[in-house]
Amino acid sequence: MSEGGRSMSEIREKIHELFGVKEPHELPAAMMAVVNDSTKLSAICAKYKYIFPDTAHDYLRDYFQENQADRSNLMQDYTPQSICQIVAEITGKRQLIADLCAGTGSLTLEAWRRNPDSEFICYELSSAAVPFLCFNLAVRNVSAWVVHGDLLTDEVQAVYRVHDGTVTEVEGFPRDKVDAVITNPPYSLKWSGAHDIRFGSYSVPPKKAADYAFVLIGLDMLKDDGIMSAILPHGVLFRGNTEADIRKELLCDHRVSAVIGLPRALFAATDIPVQISVFAPSDDGVFFLDASELFEKHPKQNVMLPEHVQEVISICRLRQNVERKSHLASWEELQEHDGNLNIPRYVDTFVPEPLPDMHEVLSSLIQNAEEIKRSKQELNKSIQQLVADDPMYLNDELKGLFAKWASV
């Protein structure tokens, strides 16, 4: 069952019928052919909205995650609705927003719902995902540029302008600084580890994990007063070597605003917990929120309900200490921890067990002792009545010892 309440088999059947395919591997090409034909695109968009009138939900994301996602090579895990909502609320109403590693566009769509006047630059590497992304934007009349290319190498294969429900291939896209960056990049992706001018004066992230490469590229796109929300694994908060250097450099520049820990198993393809790192100018320190217990447990994939999402947003807006939930760490406190941003260092979620009632404990001990004594006496009584063929094994001396043991 998808988050939108429809079964995956129903979603798959409807989408295949809509684009005239029988197998999932046929869909990206068929969808791209529709995207490139304005007449067909208009007709298919109308049919899609008739079949899936709830455009607030990304059914194409559900389909792609189930049938197209490349978990092995591209580390594709598509963002659940609840996380999209949190990121959109943190980002706020911004005019020009860049979505790095956009996938089918779930983060963009959630941000657009809060401000339909926003424009987006959506970067996506996967050739299979680009048609889904273009169609998702067109069917909702989102104004955007879709950049098909490798963000890490800055190599661009194609650019599509999505506007007023049409998709046109164009030569370029705005390179101006953006008001906000949102991203759910592939976690700990191996990459070249090469220095990039977009990193500025920051250290180069390690080859074994490109997490901070995506972060630094995103920060390079931002205006001075811009905000970036990045969904990342917890490891970036405490891993050592050059990643530790980058954390310290970001903290020194007061560019880390908040860290929000989320529940485990929210994603379809992995049960690891993730966190949202918020990068924005900050004067008062870094705000830490542990939301790891705010979820409803499901057999395969846990769910953050609307009330959980609202609690996260409300606490973040207050930016105040809440017992066992959040803590605003000063810059001095962060220095004491040597730039380690691991949430448990700042938010103590320990709940002490209540002290036992001593009257109940002693009464229970007395009752246990009396039961043991009765059992020993009953066993001794049985021993005294036994007769052994060989007196070596049960004589008067042994019976006396049993009687003494029973009286202790």
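1. Start with helices H4 and H7. The axes of H4 (residues 59-67) and H7 (residues 129-139) come within 10 Å and cross at roughly 170 degrees, which makes H4 roughly antiparallel to H7. Axes here are lines fitted to C-alpha atoms, for helices over the stretch in contact, with angles running from 0 to 180 degrees between N-to-C directions. Angles over 145 degrees count as roughly antiparallel, under 35 as roughly parallel, 65 to 115 as roughly perpendicular, and the rest as oblique. Helices (H or I, at least four residues) and strands (E, at least two) are DSSP runs, numbered from the N terminus.

2. Before going on, keep in mind that this is a predicted model: local features need pLDDT of at least 70, side-chain atom pairs count only at pLDDT 80 or more, and totals for chains, interfaces and linings use all residues. Residues are numbered from 1 along each chain as its sequence is written, and side-chain values use heavy atoms, with hydrogens and water left out.

3. Which residues of H4 and H7 meet? From H4 they are Leu60, Tyr63 and Phe64, and from H7 they are Ala129, Phe132, Phe135 and Asn136 (contact means heavy atoms within 4.5 Å). By class, that contact has 6 nonpolar, 1 polar and no charged residues. Ala, Val, Leu, Ile, Met, Phe, Trp, Tyr, Cys and Pro count as nonpolar, Asp, Glu, Lys and Arg as charged, and the others, Gly among them, as polar.

4. Now the whole chain. You'll find 13 helices and 11 strands in it. Its radius of gyration is 30 Å, well over the 22 Å that the globule rule gives for 408 residues, so the chain is more spread out than a compact globule. That radius is taken over C-alpha atoms, and the rule is 2.2 Å times the number of residues to the power 0.38. Along its principal axes, the C-alpha trace spans about 105 × 55 × 40 Å.

5. How much of the chain is buried? Buried residues make up 50% of the 408 (buried means under 20% relative accessible area, exposed over 50%, partly exposed in between, with a 1.4 Å probe and protein chains only). Helix H5 is mostly covered, with 8 of its 11 residues buried, including Ile83, Ile86 and Val87. Just after H5, Gly92 takes a positive phi of about 75 degrees.

6. On to charges: side chains of opposite charge can pair when their charged atoms come close. The whole structure has 18 salt bridges (a side-chain nitrogen of Lys or Arg within 4 Å of a carboxyl oxygen of Asp or Glu). One of them joins Glu89 and Arg114, with the closest N and O atoms 2.9 Å apart. Glu89 sits in H5 (residues 81-91) and Arg114 in H6 (residues 106-114), 25 residues apart. Glu89 counts as partly exposed at 28% relative accessibility, and Arg114 does too at 24%.

7. Have a look at the strands as well. Glu119 in E2 (residues 119-124) and Arg161 in E4 (residues 155-163) are 42 residues apart, yet they form a salt bridge with the closest N and O atoms at 3.2 Å. Glu119 is partly exposed at 24%, whereas Arg161 is buried at 18%.

8. One more pair: Lys325 and Glu311 form a salt bridge, the closest N and O atoms being 2.6 Å apart. Lys325 lies in the loop between H10 (306-318) and E11 (326-329), while Glu311 is in H10. Finally, salt bridges that share partners join Glu89, Glu110, Arg113, Arg114 and Arg317 into one network.
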